[in-house]
Amino acid sequence: MRSRPRASLGRILDDLGSTVLDVAASPGDLDSEVTGVHIFDPLDELIVPPGAIVLAVGVRAAADICSLLRRAPEAAGVVVKLPVEVDEAVRATVLETGVAVLGLTRAASWAQVAALLRSLLAEADLAEPGEGPQGDLFSLANALCALLDAPVTIEDRSSRVLAFSGRQDEADQGRVETVLGRQVPERYLRMLDERGFFKQLYQSSEPVYMELDDDGVINRTAVAVRSGDEILGSIWAAVREPLSDQRRRALADAAKIVALQLLRERAGADTQRRLRADLLSTVLAGGADAPEAAGRLGIATTRLCVLAAQLTGDAADDPARGESDRQRFCDALALHVAAIHPKAAAAPVGSVAYAVLPLHSVGDEEARAVRVAESFLARVGPRHAANIGVGRLAANLSQVARSRADADRALRVLRARGTTGQAAGYTDVHFESLLLQVADVAAAEEQAPTGPYQRLLQHDAEHGTELAATLRAYLDAFGDVTAASARVHVHANTFRYRLKRLVEISGLDLSDPDARLIVMLQMRIFGR
């Protein structure tokens, strides 16, 4: 494989601008190569790969900053929420370790800055050897910013921010929210749509000037990015007056360059996505090829938990949209787990998005993986209704297939419960999973209920009674007739009569705990 150029710390700071990150303490030049993003967790063993940017969540005091710098001497930089406490000791430690300290604006969340940084690194990954900055969306945005003398964003068809220029702090609050969230806020999208600006934009091949006439909101000039008849996205400049003819031509020409870049990135992303999916499928299946695939993913020597995530919505009416939703859901999962650990990987396999999450050995790994899954579901819940099953820890590659099977079984339990937005570890749903497996065996062998339960079902079928439902309510209520009768909406005396009849008909001894257990298991296994 050919090597790809990586982004330098200085380049990343130039692209993000002071809207997001600023230098609090520098060792000198900022030319160090950035290889990834690592989130600092004081409860985990700190293993920072060379060139990583460390997001110092919860770090405040100067002494703590100094301690983190010494523990991560190979990092490219450490990010701390503003205001950053920088004293002489911090400056001395920065010079000693060569690790820069960066300040993150308080308006940004850690998830947002992780997403921004990973997007920038992905831009660098897509560049071909020998290409200049013109092959980079962020460079294009900055070049346009200079040409138009206005802050610029490049957005996809869904108004998600793909890249942005510097000087965003010169725009309005809506633009700042857009950059930090990587998505145009809903209220602005609604306003632009109601005023017909999107219709104008997508029907015109020329830049469109939009007078927004709102307090504190700067006007916009935008141009659609096209490939033939397909709308790929758009470029937006925050301006206070219409552009000159020369600047309008520059913006229209830039749209053609951005279109080529987006098409190339789409092709590269599709190829990389397929490759990662194939490698991850090989790892999850186990076998002779698993070690090589794990090595290419960078997870060959780590302890892993497998997560199986699946959307719960029905996309049967629109298969194309369903596939698009599944891909976006998997991409979001990949981004989330990558923010937890740089070696985490995720890819779709059929209708399920699988993720392998490396975990340091500090105990209770499965519970930690469930918390990661719950955090992800909480973030995507408004957009994607889903469940996630979590497998047991795989101490080595030979156990990854077992962890994947565990995750599948936990996911199936959640599906059988009819829940959504839930995460479950296999050990928490172990027995429910066993019952589902027994039900599979019974169905495969065409087995049917027997004994007292079978006699009740037969009587109900022949006479239109509900004795089996009466028995289920009684057992579910632990023999409490009042509670059980309320559950099936009959009077307690009527319920007692039905209970007497079902005992006579079935021959079931309700005083025998083994008999009660057997009939309860049959109810669960045969699902009647």
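**Entry 1, E446.** I started with E446, which counts as exposed at 72% relative accessibility. For my notes, exposed means over 50% relative accessible area, buried means under 20%, and partly exposed is in between (1.4 Å probe, protein chains only). I kept in mind that this is a predicted model, where local features need pLDDT of at least 70 and side-chain atom pairs count only at pLDDT 80 or more, while totals for chains, interfaces and linings use all residues. Residues are numbered from 1 along each chain as its sequence is written, and side-chain values use heavy atoms, with hydrogens and water left out.

Where does E446 lie? I found E446 in the loop between helix 14 (430–444) and helix 15 (451–463). Helices here are DSSP runs (H or I, at least four residues), as are strands (E, at least two), numbered from the N terminus. The phi of E446 is positive, near 55 degrees, in a residue other than glycine.

F478 sits in the loop between helix 16 and helix 17 (481–487), and at 81% relative accessibility F478 counts as exposed.

How many of the 10 residues of helix 16 are buried? I get seven, so helix 16 is mostly covered. The buried ones are L467, A468, T470, L471, A473, Y474 and L475. Their cover includes helix 15, helix 17, helix 18 (492–506) and helix 19.

I then looked at one of these partners. Helix 16 (residues 467–476) and helix 19 (residues 513–526) pack at an angle of about 115 degrees, with axes 11 Å apart. The axes are lines fitted to C-alpha atoms, for helices over the stretch in contact, and angles run from 0 to 180 degrees between N-to-C directions. A468, L471, R472 and L475 of helix 16 meet R516, V519, M520 and M523 of helix 19, where contact means heavy atoms within 4.5 Å. The residues of this contact split into six nonpolar, no polar and two charged. In that count Ala, Val, Leu, Ile, Met, Phe, Trp, Tyr, Cys and Pro are nonpolar, Asp, Glu, Lys and Arg are charged, and the others, Gly among them, are polar.

Which residues touch the most other members of the largest nonpolar core? In that set of 53 residues I noted L21, L55, L117 and I235. A nonpolar core is a set of buried Ala, Val, Leu, Ile, Met, Phe, Trp, Tyr and Cys residues joined through side-chain atoms within 4.5 Å. A second, separate core has 25 residues, including V337, L359, A369 and V370.

I placed A72 in the loop between helix 2 (62–71) and strand 4 (77–81). Is A72 buried or exposed? A72 counts as buried, at 2% relative accessibility. Beyond four places in sequence, A72 touches L46, V48 and V99. Further along, P83 is in the loop between strand 4 and helix 3 (88–97), and a cis peptide bond joins L82 and P83, with omega about 0 degrees.

I checked for disulfides (a pair of cysteine sulfur atoms within 2.5 Å), and the count comes to zero. For C330 the nearest cysteine sulfur is that of C305, 18 Å away. C330 is buried, with a relative accessible area of 2%, and C145 also counts as buried, at 5%.
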